[in-house]
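User: I am learning to read a protein model. Please walk me through a pocket and some helix packing.

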Amino acid sequence: MDPSWYLYAGIFIGPFVQEDTAVIAAATLSVSDPQHFPSVFLVILFGLFVSDIWKYWIGYSAHASARARRWADKERVMALSERVERHALTTLLAARFLPMARIPTYIACGYFKMNYAKFCVIIFITALLYTVIIFGIIHLLGDVLRGRIEIMLGFIAVIMIALLTIIFSLKRKRANQPMD
């Protein structure tokens, strides 16, 4: 059996764990081993799409709860629902590129009962756009750095992890300080 299916399975599952990292890793793989390019691109795109569309149902299923239905019937929530539906492409496009906005937005779309086919089409468009942009940037960096991209991305990853650790530590420390 060809062992590359393990690679593709991992790439497909990656967005379920952490979308941005999975797309960047797939793009980096396609730069370092160009024979995988078309397959890696399609697998990560499909994984990204599937990892996003199921989140809709989390919000949709919240209507089974009486407490959630009472919350949804409020006037401000209904107004927000109408705006999300009216500006679905803009909302989902913004959520795709804003950190920490995807999951709450996709759940809200389900909660607001946005048309699922419309949601899926827009999610696919935003996933395609995002994947093309990330692959384009990584491939451009790969051309500029000529084979040293893995080292540079390693440095970037270490710096990002360090920054996130510092930020979360400071927030936790600030939250744990007694109020005067």
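Analyst: Start with the lining of the largest pocket: 25 nonpolar residues, three polar and six charged. Here Ala, Val, Leu, Ile, Met, Phe, Trp, Tyr, Cys and Pro count as nonpolar; Asp, Glu, Lys and Arg are charged; the others, Gly among them, are polar. The model is predicted: local features need pLDDT of at least 70, side-chain atom pairs need 80 or more, and totals for chains, interfaces and linings use all residues. Numbering starts from 1 along each chain as its sequence is written, and side-chain values use heavy atoms, without hydrogens and water.

User: What volume does the largest pocket have, and which residues lie nearest its centre?

Analyst: A pocket is an open set of points on a 1 Å grid over the protein atoms alone, where a 1.4 Å probe fits, with protein on both sides within 12 Å along at least five of seven lines; lining residues have an atom within 4 Å of a point. The volume here is about 1100 Å³. The lining has 34 residues, and Q18, D20, T21, I24 and M160 lie nearest the centre.

User: Which helix gives the most to that lining?

Analyst: Helices are DSSP runs (H or I, at least four residues), numbered from the N terminus. α10 gives the most, with eight residues. Helices supplying at least two residues each include α1 (4–17), α2 (19–32), α9 (116–145) and α10 (149–176).

User: How do I read packing, and at what angle do α1 and α2 pack?

Analyst: α1 and α2 pack at about 150°, with axes 6 Å apart. They are therefore roughly antiparallel, a label for angles over 145 degrees. L7, I11, G14, P15 and V17 of α1 meet E19, A22, A26 and L29 of α2; contact means heavy atoms within 4.5 Å. By class, this contact of α1 with α2 has seven nonpolar residues, one polar and one charged.

User: How far apart are the axes of α2 and α3?

Analyst: The axes are 9 Å apart, and α2 packs on α3 (residues 37–53) at about 170°. So α2 is roughly antiparallel to α3. Among the residues in contact are V23 and S30 of α2, and F37 and I44 of α3. The contact of α2 with α3 has eight nonpolar, two polar and two charged residues.

User: At what angle do the axes of α7 and α8 cross?

Analyst: They cross at roughly 155° and come within 8 Å. So α7 is roughly antiparallel to α8. T91, L92, A95 and R96 of α7 meet R102, T105, Y106 and C109 of α8. That contact of α7 with α8 divides into four nonpolar, two polar and two charged residues.

Definitions and conventions: Points joined across faces, edges and corners; volume = space filled by probe spheres on them. Axes fitted to C-alpha atoms, helices over the stretch in contact; angles between N-to-C directions. Parallel < 35°, antiparallel > 145°, perpendicular 65-115°, else oblique.
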